[in-house]
Amino acid sequence: IGPAELPSLLPFLQLRGLFDLRQVTLQRIVHLLPAGPASDTEALMPLRDRVFVMANALLNPDVIAPGASASLAINAVSALAALRDTRLNACLSSLLQIRAPWLSRQLREKLRSTASSWAKHGVEDPQLSEAIARLG
């Protein structure tokens, strides 16, 4: 599966899906884009929407906790960045309002890894750079 097949991952992110399957799917989205962010195609909108809904729900201070939900939230926000979703900043604001330095640190490292991978291919994404800077 390559970047062109990203929309086919949407069924694996269903609300009632197994936690591990959703976790792996979010990680796979990022790994399918090692050379740069996803293109802005209409075909990716349902996938972007689902990832945003997941990230937004998981970044609720009453829901998130160290462990499984935090890991899923980090992977969802990371996938939003790789998909070049414009709602990334809204998710970062929610994350920063939780005031959990460990969570910000984990996401920052994950986004730095993505930025490093893209830099090897000569790609620098301003939205990703801004996200990393916001996380400290």
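How far apart are the mean positions of the positive and negative charges of the chain? I looked this up before anything else. The chain carries 14 positive and 11 negative charges, and their mean positions lie 6 Å apart. I note at the outset that the model is predicted.

**Entry: overall fold**

I then recorded the secondary structure, which consists of six helices and zero strands. Followed along the sequence, the pattern reads α-α-α-α-α-α. I asked what radius of gyration the chain has. The value is 14 Å, and a compact globule of 136 residues would come near 14 Å, so the chain agrees with that expectation. I also took the extent of the C-alpha trace along its principal axes, which is about 35 × 35 × 20 Å.

**Entry: burial, contacts and surface**

I checked how many of the residues are buried, and 45% of the 136 residues count as such. For contacts with a separation of 6 or more, I found that 70% join residues 24 or more positions apart.

**Entry: salt bridges**

How many salt bridges does the structure hold? I noted six, and I examined several of them individually.

I began with D40, which pairs with R48; their closest N and O atoms are 3.6 Å apart. R48, in contrast, has a relative accessible area of 3% and is buried.

I turned next to D85 and R87, whose side chains form a salt bridge with an N to O distance of 2.8 Å. D85 is buried, at a relative accessible area of 2%. R87 counts as partly exposed, with 23% relative accessibility.

The pair of R112 and E109 came after that, with a distance of 2.9 Å from N to O. R112 is partly exposed at 38% relative accessibility, and E109 is partly exposed at 41%. I then looked for salt bridges that share partners, and found that they join D49, D85 and R87 into one network.

I located H31 in helix α1, which covers residues 19-31. H31 counts as exposed, with a relative accessibility of 54%.

**Entry: positive phi angles**

The phi of R84 is near 55 degrees. R84 sits in the loop between α3 (68-82) and α4 (88-98), and R84 is partly exposed, with a relative accessible area of 29%.

The other residue is R99, whose phi is about 60 degrees. Where does R99 lie? I placed R99 in the loop between α4 and α5. R99 is exposed, with a relative accessible area of 72%.

Notes. Residues are numbered from 1 along each chain as its sequence is written. This is a predicted model: local features need pLDDT of at least 70, side-chain atom pairs count only at pLDDT 80 or more; totals for chains, interfaces and linings use all residues. Side-chain values use heavy atoms; hydrogens and water are left out. Helices (H or I, at least four residues) and strands (E, at least two) are DSSP runs, numbered from the N terminus. The radius of gyration is taken over C-alpha atoms; the globule rule is 2.2 Å times the number of residues to the power 0.38. Buried means under 20% relative accessible area, exposed over 50%, partly exposed in between (1.4 Å probe, protein chains only). Contact means heavy atoms within 4.5 Å. Lys and Arg count as positive and Asp and Glu as negative; His and the chain ends are not counted. The place of a charge is taken as NZ of Lys, CZ of Arg, CG of Asp or CD of Glu. A salt bridge is a side-chain nitrogen of Lys or Arg within 4 Å of a carboxyl oxygen of Asp or Glu.
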